[in-house]
Amino acid sequence: MLNIDHLDVWFGDPPERVDAVKSAGFTVAQGESFGLVGESGSGKSTILRAITGLIGTWSGLIEVDGEKVSGQHRSRAFHKTVQMVFQDPYASLHPRHSVDRVLSETLHLQGMDQIDARITRLLDSVGLGKGFRFRYPHQLSGGQRQRVAIARALAAEPRLLLLDEPTSALDVSVQAEILNLLTDLRRERGLTYVMVSHDLAVVAHMCDRLAVMRGGEIVEVMEAARLRAGDPASDYARALLAASAGFAREGAPG
Amino acid sequence: MSPLLSVRNLRVSFPTRSGTFDAVRGVSFDLGRERLGVVGESGSGKSMTGRAILGLVRPPGRVTADRMELDGQPILNLPERQMRALRGARISMVMQDPKFSLNPVMTIGRQITEGYRLHTRTTPQAARDKALEMLRAVQIRDPERVFDAYPHEVSGGMGQRIMIAMMLAPDPEILIADEPTSALDVSVRNEVLRIMDKLVRDRGMGLIFISHDLNLVAEFCDRVLIMYAGRVVEELPAHDLKNARHPYTQGLLNSLPRLDHPVERLSVLQRQDSWRDEEIATPFPGGL
């Protein structure tokens, strides 16, 4: 479904050039859920942005569903295949557009018919009733906004969903609801996920395989089971796992 | 031993068009020389509790309490002049995001010395020495350089350590840390926590650690208050968190994905209206 090889992404020109991603490569099979983990600045979100064409300064291979993409331009067919959900539901919805307008505009751009019926179905599928259709973002909670953002991404009926920290701005109880929703949607629609997160437990819960990134490079690609077993191959992944396990007080018993 | 800070029936309310909104509804606790965690979701009133203690709730917000005492002295709704002498010198607060809490057009050195000199009235040279000493205490490798740097020239983790240095310079008795590590990566987070832990222990301070992260609080603090809808619904020794009795606390714990316990679907918190108002079994076992 997704094939990435020798991907370099950079910002700026020499001497100020910053290499955000260095020679990254991984493949994601149809129907698989793949995770990208790492600390801030490790380049995990940058990869997603390069795939969707939000960043033009990259080289290497990005192949979606067998089609190579280049530069910043993406075809209509690409956007029907790939959609993205962003981290901050407070920033990714237009504050003065109602839910109805957000969804109908997207459906219209995707050249869909029966827009009215589709909006009802979309809202249904993300667990929002009809009552939410004419609300504005400020009338929604964080979790409800993220549901709208997911509905918007589903409007194009994509097969690959790029999820950039979809729950890190949300409370844990709401996070559980959104993660369950994503699990259900993947099963019902046979979606492929690429999910970026700094939370190892979230990625292990959602993904089959994952890549650990550091300083723009992929340190290790492993099965989620391996992460659960606490047995990554690289030192860095082990250190990251230990740090995530929590804070150990110095000199404290136990 | 008498507590450092004693709060009884603290209420914070805001008038709105549709009546009064109570952000904090009758919170009571005592703080000794310990690490007290305050946990809750957004809107549970945990940050408002911290702000109310420091007198940072702006009108039209109203703060009332049966008692709010620092070392036996009432500090509720003090005139701004007296509050200013207290704020920073005896109670300090570290905010969530260093990007928004440091002044972007002032060097870091000036920001640290400003507060310190205001409270101690020392010479500029002594203030500078103190600032450098504090920067060293929070393990900043090149304090001289950082002293003359601007906030945009340092990383997030460094910014948060600078905030801690700034807040601890006047040697306060109580530090209120409002989500001090939520904006940080895990490796940096642990380092910042370790520094804070050491400083608090060495100086015998009382720490109020406000966070949404149950597990972190359980590991870092001695005692935990769990807040829901403006009230404390449960109080626990931190190591007993796993044995939480209140359904809200249990629900929060269960809704977390866990590495050592894979599940197909996460359990979702079913909120009950009764949590808002029902009688709480043990508001504070320490007694009134």
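**A close look at one pocket**

Modeller: Let's take the second largest pocket, which has 22 lining residues, with B:Arg87, B:Gly88, B:Gly115, B:Met166 and B:Met167 nearest its centre. Keep in mind that this is a predicted model, where local features need pLDDT of at least 70 and side-chain atom pairs need 80 or more, while totals for chains, interfaces and linings use all residues. Residues count from 1 along each chain as written, chains are lettered from A and ligands numbered from 1 in written order, and side-chain values use heavy atoms, without hydrogens or water.

A pocket is an open set of points on a 1 Å grid over the protein atoms alone, with protein on both sides within 12 Å along at least five of seven lines, and a lining residue has an atom within 4 Å of a point. This one holds about 640 Å³ of space (the volume filled by probe spheres set on points joined across faces, edges and corners).

Helix 4 of chain B has the largest share, with seven residues. (Helices are DSSP runs of H or I with at least four residues, strands are E runs of at least two, numbered from the N terminus.) Sorted by class, the pocket lining comes to 13 nonpolar, six polar and three charged residues; Gly counts as polar here.

Searching the whole structure turns up one of 30 Å³ or more, and the largest cavity has a volume of about 60 Å³. Among the residues lining this cavity are B:Val27, B:Phe29, B:Lys46, B:Thr49, B:Gly50, B:Ile53 and B:Met227. Helix 1 of chain B brings the largest share, four residues. At least two residues each come from strand 2 (19-31), helix 1 (46-53), strand 9 (206-211) and strand 10 (223-228) of chain B. By class, the cavity lining splits into nine nonpolar, two polar and one charged.

Finally, glance at where the chains meet: 33 residues of chain B and 30 residues of chain A take part in the contact (heavy atoms within 4.5 Å). One salt bridge is found across the interface of chain B and chain A, meaning a side-chain nitrogen of Lys or Arg within 4 Å of a carboxyl oxygen of Asp or Glu. B:Arg265 and A:Asp184 also pair through their side chains in a salt bridge, at 2.4 Å from N to O.

Note on methods. On a 1 Å grid over the protein atoms alone, a cavity is a set of points where a 1.4 Å probe fits but cannot get out, and a pocket is an open set with protein on both sides within 12 Å along at least five of seven lines; lining residues have an atom within 4 Å of a point.
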